[in-house]
Every structure is written in structure tokens, then in C-alpha cells.
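Please keep the sequence and the model in view while reading.

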Amino acid sequence: MAYLATSINDSPTIVGKLDTDYVDLRGRAMKYDDNGNLTTAKADTDTVIGVAIMTNDKEKLKAGEDVYVQIKDIGHVIVGAAVKVGQELMVDNSGRFIPATSGKRYCAIAMSAATAADQYITAMIGRCGTVSASV
């Protein structure tokens with residue numbers, strides 16, 4: 001990753017190469033694969049680095065193409081189930097965000113609600129932790 005005038009990247013987004021072709025990545029959780037390419041996260045055990053941003057070009061989601069990923073702060077995510085404001089979120093097997101369950105790793109916190117799967121909400125994205133047993 002190149003830096004222009006500082007040794008600290010203060011942007012909440014990065015760019016990387018895709019591992020394979022995709023139809024639509026907007027709002028999905030992303031991780032690095034073993035080759036350093038970006039792919040969708042598919043389990044709470046994956047190390048989620050961020051979320052594919054909404055402005056990614058759907059026509060250029062081919063293997064080796066650039067994809068832009070928000071790595072922190074509040075952004076849009078796609079959910080795989082109904083979500084309440086304030087819920088800790090983990091990922092499902094397609095990179096969508098779902099309510100985290102006890103003992104699972106979460107990577108975002110819902111800042112708005114969704115009533116069903118495949119809706120977009122705002123969420124605080126970041127390295128979070130493990131859900132406590134009291135959830």
C-alpha cells in the first residue's frame with residue numbers, strides 16, 4: 001500500500017484485488033485470502049477487515065480487479081436477518097451481517113435496524129471481540 005505524504009493512512013478505506021468474480025459485493029464483510037486477495041468473509045472465525053463500499057462498480061467485480069473496502073467507522077452493511085439497533089453483528093456464509101450469538105466473534109455494531117434479510121443498515125465497523133454469555 002502506497003502512502004503519499006505521511007506514514008499514517010488516515011483514510012477509512014483501502015483498495016485490494018479480488019480473489020474471484022462477484023455479482024454484487026456492496027455492504028458485504030471482506031477478508032484476505034491466503035494469497036493476499038480480498039474475498040467475502042463466510043464465518044465468525046474469519047478475520048473481517050472491513051466492508052465492501054457501496055460505490056464499488058458492479059461491472060468490474062472480476063478476479064484481479066480492484067475493490068474498495070471500508071475498514072473502520074460507520075458505513076452501510078447488508079444484513080442476512082432482522083437486526084435491532086445496538087446489536088453486535090457477525091457474518092453469515094455469504095458475507096452478510098447477522099446478530100451475533102454467545103461465544104461468537106462480532107465485527108460490527110448495528111446503528112440502525114432491519115426487519116428482514118438483504119436490507120442495508122448503518123453499522124459501526126471495526127475489530128470488536130467475542131459476544132459475552134449474557135447476550
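Q: In what order do the five strands of the open sheet stand, and is the pairing parallel or antiparallel?
A: In this predicted model, the five strands follow the order 1-5-4-2-3, and their pairing is antiparallel. Neighbouring strands of this sheet are turned by 50° against each other on average, direction ignored.

Q: Why are strand 1 and strand 3 said to stand at the edges?
A: Strand 1 (13-17) and strand 3 (38-40) each have a single partner strand, so one side of each lacks a neighbour in the sheet.

Q: What makes strand 2 and strand 4 a pair?
A: Pairing requires at least two bridges. Two bridges join strand 2 (residues 29-32) to strand 4 (residues 50-52), so the two strands count as paired. Within strand 4, Gly 50 lies opposite Met 30.

Q: Why is Thr 40 called buried?
A: The term applies under 20% relative accessible area. Thr 40, which belongs to strand 3, has a value of 6%, and is therefore buried.

Q: How do you know that the side chains of Thr 40 and Lys 42 make a polar contact?
A: The limit for such a pair of N or O atoms is 3.5 Å. The contact between these two side chains is at 2.8 Å, which is within that limit.

Q: What makes strand 9 a partner of both strand 7 and strand 10?
A: At least two bridges are needed. Strand 9 (residues 105-110) has two with strand 7 (residues 88-91) and five with strand 10 (residues 120-130), so both pairings qualify. Both are antiparallel. Ile 109 in strand 9 is the bridge partner of Glu 88, while Ala 108 stands opposite Ile 125 in strand 10.

Notes: Residues numbered from 1 in each chain as written. Predicted model: local features only at pLDDT ≥ 70, side-chain atom pairs only at ≥ 80, totals over all residues. Heavy atoms only, no water. Helix = DSSP H or I, 4+ residues; strand = E, 2+ residues; numbered from the N terminus. Axes fitted to C-alpha atoms, helices over the stretch in contact; angles between N-to-C directions. Buried < 20%, exposed > 50% of the residue type's maximum accessible area, 1.4 Å probe, protein only. Polar contact = N/O pair within 3.5 Å; in protein donor to acceptor, adjacent residues only side chain to side chain.
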